[in-house]
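Student: Could we go through this model together, and could you spell out the terms as we meet them?
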Amino acid sequence: MHSPVTSEPIFRNAGAPSIVHSYSVRICHWINVIACVYLLVSGVHILLDFPELYWGHTGYRGYPAIFKLSDWGLSWEAAGKLGDRRWGRNYHVTFAWVFLINGFVYVAWNLHTSHFRKRMLPARAELTMAHVWTDLREHLRWRSRRHTSSSSYGALQKMSYLLLIFVFVPFMILTGVAQSPGFTAAIPVLLDMFGGRQSARTLHTVGTVVLALFVVVHLFEIVAAGFFARVRSMVTGKESIAVNTEITR
Amino acid sequence: MPPTVRGGLIGMADVLTMSSNRLLLSGQQLAREFSLSDVADPFPTWNQTNPKNVEYQRHAAEGFRTWQLPVNGLVARPSALTLDQIKSLAARTQITAHVCEQGWSAIGEWTGAPLQRVLEAAGGVTPTARYVVIDTYDGWYEGYDLFEVEHPQTILAYRLNGRDLPRGNGAPLRLRVERQCGYKNLKFVKSIRVVDSIAGIGKGTGGINSDSGFHWFAGV
């Protein structure tokens with residue numbers, strides 16, 4: 001018997017563990033966690049060392065800025081003491097490579113196994129306003145997701161993951177590389193794509209905030225769905241859900 | 001590849017960054033050149049703006065009239081060039097962005113002698129040459145491989161925004177290396193030596209910045 005909405009089977013053998021996260025998904029996920037933590041922290045260090053944001057090609061201390069951390073209570077000097085740009089730059093570039101290579105492996109392997117199509121591509125019925133609205137309302141109520149399977153994603157979840165992986169991550173990579181004097185010499189369109197390297201820097205910073213928000217929501221949902229069981233299933237790949245005979249989405 | 005490779009993941013990333021960058025730039029493409037309306041004037045200054053070095057102060061006081069740039073090491077004719085001699089070499093003017101690794105950037109109109117022409121004025125580098133090392137009046141030193149040295153935009157600039165290079169921006173000469181971060185664009189150039197190894201220079205990593213733990217190759 002299949003759900004008319006998601007086409008996923010809705011009867012499961014009670015108690016028998018099923019594989020919900022493949023080997024590559026699990027390994028790439030945890031490498032990604034480490035890389036993203038380092039990228040975030042090192043990125044903050046880099047920004048603190050020069051805590052002003054501009055737009056266009058030009059921006060330096062004294063130039064009109066669209067954001068100044070000193071307007072928000074942290075002086076330039078104090079921010080500079082907090083930020084270690086040498087550590088920041090070394091670790092940011094290093095984990096950018098880890099993130100990129102890991103991400104490439106993850107996407108290439110899982111395109112090959114049709115993981116994205118099976119797990120993340122919303123069915124037509126899930127894309128209706130009514131369905132999305134219902135899904136959103138359920139998320140906003142504290143409605144326990146404990147008894148849903150990790151192999152069955154909701155509509156909003158699917159759309160967020162797809163947007164994250166195929167829109168937002170490329171955006172972060174491009175806005176990062178567009179700040180490099182070497183790579184912009186090789187790929188000059190990067191300089192025009194965002195309006196200049198200061199625009200890229202600003203967008204990259206804004207993107208960091210969006211990424212942090214994603215992580216917060218992600219963690220919240222994992223907790224709502226049963227933290228230890230979900231983390232365990234992302235390590236072992238298996239889940240045992242006692243009662244799982246009807247999933248209404 | 002960088003002349004020395006750091007250990008661990010960081011070193012591996014350094015190699016990936018430099019090799020991918022150089023692969024993409026194998027055509028020796030130029031960094032973006034802008035128009036005069038993009039120029040920042042007055043051009044911002046950063047870090048050292050007036051080296052305390054006694055010799056520097058003396059030369060600066062007399063407008064660098066008798067100042068000479070020694071070009072030594074693995075060149076056919078080790079020489080010392082005056083500023084006038086350098087200015088008589090075929091000059092290049094480029095309106096390019098100075099991109100500091102800290103995050104700021106500013107566009108300036110630089111005029112100077114391509115480093116390649118300066119080396120040719122000393123007879124050119126010998127076949128065993130691998131790096132050009134530049135020393136400055138404020139104690140900085142940096143190494144550049146020949147690929148970077150030969151690039152048309154690698155110039156010893158003596159003019160900025162149509163005027164003589166101001167002291168704060170590195171008079172009498174500052175290096176422009178347009179495809180790398182600002183800290184490789186040395187100010188207050190004092191001397192040039194061409195070497196086959198950077199092993200004996202500073203702490204042996206190839207420059208003051210890499211000796212301090214920053215990337216030797218600052219393309220990113």
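Tutor: Helices here are DSSP runs of H or I with at least four residues, strands are runs of E with at least two, and both are numbered from the N terminus. This is a predicted model in which local features need pLDDT of at least 70 and side-chain atom pairs count only at pLDDT 80 or more, while totals for chains, interfaces and linings use all residues. Residues are numbered from 1 along each chain as its sequence is written, and chains are lettered from A and ligands numbered from 1 in the order in which they are written.

Student: Which residue just after helix 9 of chain A takes a positive phi?
Tutor: Gly226(A) does, with a phi of about 105°.

Student: And how far does helix 9 of chain A reach?
Tutor: Its 28 residues reach 40 Å from first C-alpha to last, close to the expected 40 Å, where the expected span is 1.5 Å times one less than the number of residues.

Student: Which residues of helix 9 of chain A are buried?
Tutor: A residue is buried if 20 or more other C-beta atoms, placed from the backbone, lie within 10 Å of its own, exposed if 12 or fewer, and partly exposed in between. The buried ones in helix 9 of chain A are Arg197(A), Gln198(A), Ser199(A), Ala200(A), Arg201(A), Thr202(A), Leu203(A) and His204(A).

Student: What do they pack against?
Tutor: Counting two residues as in contact if their C-beta atoms, placed from the backbone, lie within 7 Å, the partners in chain A are strand 2 (52–53), helix 6, helix 7 and helix 8 (189–193), and those in chain B are strand 3 (92–99) and strand 4 (105–114).

Student: Switching to chain B, what is its secondary structure?
Tutor: Chain B has six helices and 10 strands. Of its 220 residues, 47% count as buried.

Student: Is Leu9(B) buried or partly exposed?
Tutor: Leu9(B), in helix 1 (residues 8–24) of chain B, is partly exposed because 15 other C-beta atoms lie within 10 Å.
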